[in-house]
Amino acid sequence: MNEGRETRLLMLSPLSHITPNQLYCTIHAMGIEISVKETCYGCLIEGPSKLVRKVRDEVKKLHPNEIFSKIRAYPMGDPKRCRAQHGSRPGFAQLETEWKALSYVEIGLNSVDKGEQIPELPKKKQISVAEFQRICEVD
């Protein structure tokens, strides 16, 4: 990917009120000259960096705590990653893990927007070696 182009993942939170297809259609309706591909978790967008970031910012305004973005290392259709060209998908497990965590991030962001105080997490207390051994022993 050259420095003037960028590929981004736009991921929807699992709690999102919009679908990947609605996100895809919203981006197309903007009429901005970039490539858009609908995915199971949201969309891939690719084009000149300035336009890609403009699209990212516009969709985030519509659904600020439901859409998350990160740069993708490979362009759309790259033979090393594209399943249509029998590419591998080594990053999928990481992506799936990140996607599952987004609902917690969304809830936290919504709480902050409402001005709610985030409760302090209780401190974990250490256990003794004897207690740890008791827990680990198999009967």
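This note comments on the sheet, the helices and the cysteines of the structure above.

1. The structure is a predicted model: local features need pLDDT of at least 70, side-chain atom pairs count only at pLDDT 80 or more, and totals for chains, interfaces and linings use all residues. Residues are numbered from 1 along each chain as its sequence is written, and side-chain values use heavy atoms, with hydrogens and water left out.

2. Four strands form an open sheet in the order β2-β3-β1-β4, with antiparallel pairing. Strands (E, at least two residues) and helices (H or I, at least four) are DSSP runs numbered from the N terminus, and two strands pair if DSSP finds at least two bridges between them. The edge strands, β2 (35-39) and β4 (67-71), each pair on one side only. From one strand to the next, the twist averages 20 degrees.

3. Strand β1 (residues 5-12) pairs with β4 in the antiparallel sense over five bridges. Met11 stands opposite Phe68 in β4.

4. Helix α1 (residues 20-29) packs on the sheet and touches β1, β2, β3 (42-48) and β4, where contact means heavy atoms within 4.5 Å. The direction of α1 makes about 170 degrees with that of β2; axes are lines fitted to C-alpha atoms, for helices over the stretch in contact, and angles run from 0 to 180 degrees between N-to-C directions. Helix α2 (residues 49-62) lies across β1, β3 and β4, at about 145 degrees to β3.

5. The structure holds zero disulfides, a disulfide being a pair of cysteine sulfur atoms within 2.5 Å. Cys43 is in no disulfide, and the nearest cysteine sulfur, that of Cys25, is 8.8 Å away.

6. Is Cys43 buried or exposed? Cys43 counts as buried because its relative accessibility is 0%, whereas Cys40 is exposed at 66% relative accessible area. Buried means under 20% relative accessible area, exposed over 50%, and partly exposed in between (1.4 Å probe, protein chains only).
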